[in-house]
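Let's take a walk through this structure together, one neighbourhood at a time. Keep the 3D view open and follow along as we go.

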Amino acid sequence: MRQQLEDIGVKALALIQKADSLKELEELRVMFLGKKGELTRILRRMGDVPADQRPIIGKAANQARDAIEAAVEKRKRELEAREQEQRLREEAIDVTLPGRPVPAGGKHPLQVVTEEIENIFLGMGFEIARGPEVELDYYNFEALNIPRDHPARDMQDSFYISDDILLRTHTSPVQIRAMRARAPRLPVRVIAPGRVYRRDDDVTHSPMFHQVEGIYVDQGISMADLKGVLLAFAREMYGEKTEIRMRPSYFPFTEPSAEVDVSCTMCRSQGCRACGFSGWLEILGAGMVHPRVLENGGYNPEEVSGFAFGMGIERIAMLKYGIDDIRLFFQNDLRFLKQFT
Ligand code: DAH
């Protein structure tokens, strides 16, 4: 029996030492020390042992059990340490790895140009105003001296929500809104950037596009002020050597009216395809605010005068960057958009 105990001890210690997982180790513990385990089975037969032998066998049995328990404990700690180490290795953060690049967005070219225009006029003391894109016929046409039957309406056919409400065809209605918000205070010195809509669609016209309106009302404002402001704008936008010229034109809301050109940005006025070999590029419409429009804005045309202008932002951007198709702005092709970031 003593021999049996020794054999079990040797066998158990060898197996326990080789146990490769906590699960396997637990199975071994049950196999030797459990209620139906090998050691327990031997101890059950203690009754058969002669009385004088019992203390010796008993001692050997206790030793065997202690040795097995100690071996299980030891192996358990080893396996736990190994598992812990493995987990740490798997979860470890390698701080020397290069970071994953986060794709950075960029501003849309029209946003870039709009901000540039805004900054130029802010620098000259203008405020920024905004008006609704869904506008009353009254502000879009009537108050700007374009009555219902006026032929000027044909050039700005739009999308009507009802007889009296439409998507604004230009930013000019903000002239009236800005004057009314300030009258009778002076000066009114405002630009109004934003979206406008027309029934137009080709390489240079989009049914939705952007304009910036400008209006300056005060005592003694003249055409000279208009020219000075627009020249300063053109030079900041297109370079110091830029010149402007004004050609007589017609708008119902200005009198006199002018079309304003800048010296060609592509050929420095030498004449090229972009400027139709004229050396000039048209960039905006302008003029002295019509007395009736001043009145509709809440000002007395006998006491104050003003100038106004309106430009298409897409056109300004196309001339600045040499873009030949307006639709590129709205197709969201990253190959195009990335060129401006
Ligand atoms: N509203 C005009 C258009 O969309 C542009 C314009 C011309 C605005 C002359 C003005 C102006 O303020 O004085 O074609």
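Leaving aside residues up to four places away in sequence, Leu33 touches Leu39, Thr40, Arg65, Ile68 and Glu69. Please bear in mind from here on that this is a predicted model. Leu33 itself belongs to helix α2, which covers residues 22-33.

How do the axes of α2 and helix α4 cross? Helix α4 spans residues 54-91, and its axis comes within 10 Å of that of α2, with a crossing angle of roughly 170°. Angles over 145 degrees count as roughly antiparallel, and α2 is therefore roughly antiparallel to α4. On the α2 side, the contact is made by Leu22, Leu25, Arg29, Phe32 and Leu33. The α4 side contributes Arg65, Ile68, Glu69, Val72, Arg75, Lys76, Leu79, Glu80 and Glu83. Sorted by class, this contact of α2 with α4 holds 7 nonpolar and 7 charged residues, with no polar ones.

Helix α5 (residues 109-123) and helix α8 (residues 223-238) have axes that come within 10 Å and cross at roughly 135°. α5 and α8 are therefore oblique to each other. As for handedness, α5 passes α8 in a right-handed crossing. Which residues meet here? From α5 come Val113, Glu116, Ile117, Ile120 and Phe121, and they meet Val229, Phe233, Glu236 and Met237 of α8. By class, the contact of α5 with α8 has 7 nonpolar residues, 2 charged residues and no polar ones.

Our last stop is the ligand. How many residues surround it? There are 16, and the closest are His170, Ser172, Gln175, Arg198 and Glu213. Two of these names come back when we look at individual atoms. A polar atom in the side chain of Ser172 lies 2.9 Å from a nitrogen atom of the ligand. For Glu213, an N or O atom of the side chain is 2.6 Å from an oxygen atom of the ligand. The backbone takes part as well: a polar backbone atom of Ala308 is 3.2 Å from an oxygen atom of the ligand.

Technical notes: Residues are numbered from 1 along each chain as its sequence is written. This is a predicted model: local features need pLDDT of at least 70, side-chain atom pairs count only at pLDDT 80 or more; totals for chains, interfaces and linings use all residues. Side-chain values use heavy atoms; hydrogens and water are left out. Axes are lines fitted to C-alpha atoms, for helices over the stretch in contact, and angles run from 0 to 180 degrees between N-to-C directions. Helices (H or I, at least four residues) and strands (E, at least two) are DSSP runs, numbered from the N terminus. Angles under 35 degrees count as roughly parallel, over 145 as roughly antiparallel, 65 to 115 as roughly perpendicular and the rest as oblique. A crossing is left-handed if the near helix is turned anticlockwise from the far one by less than a right angle, and right-handed if clockwise. Contact means heavy atoms within 4.5 Å. Ala, Val, Leu, Ile, Met, Phe, Trp, Tyr, Cys and Pro count as nonpolar, Asp, Glu, Lys and Arg as charged, and the others, Gly among them, as polar. A residue is near a molecule or strand if one of its heavy atoms lies within 4 Å of it. A polar contact is a pair of N or O atoms within 3.5 Å; within protein, one must be able to donate a hydrogen and the other to accept it, and residues adjacent in sequence count only if both atoms are side-chain atoms.
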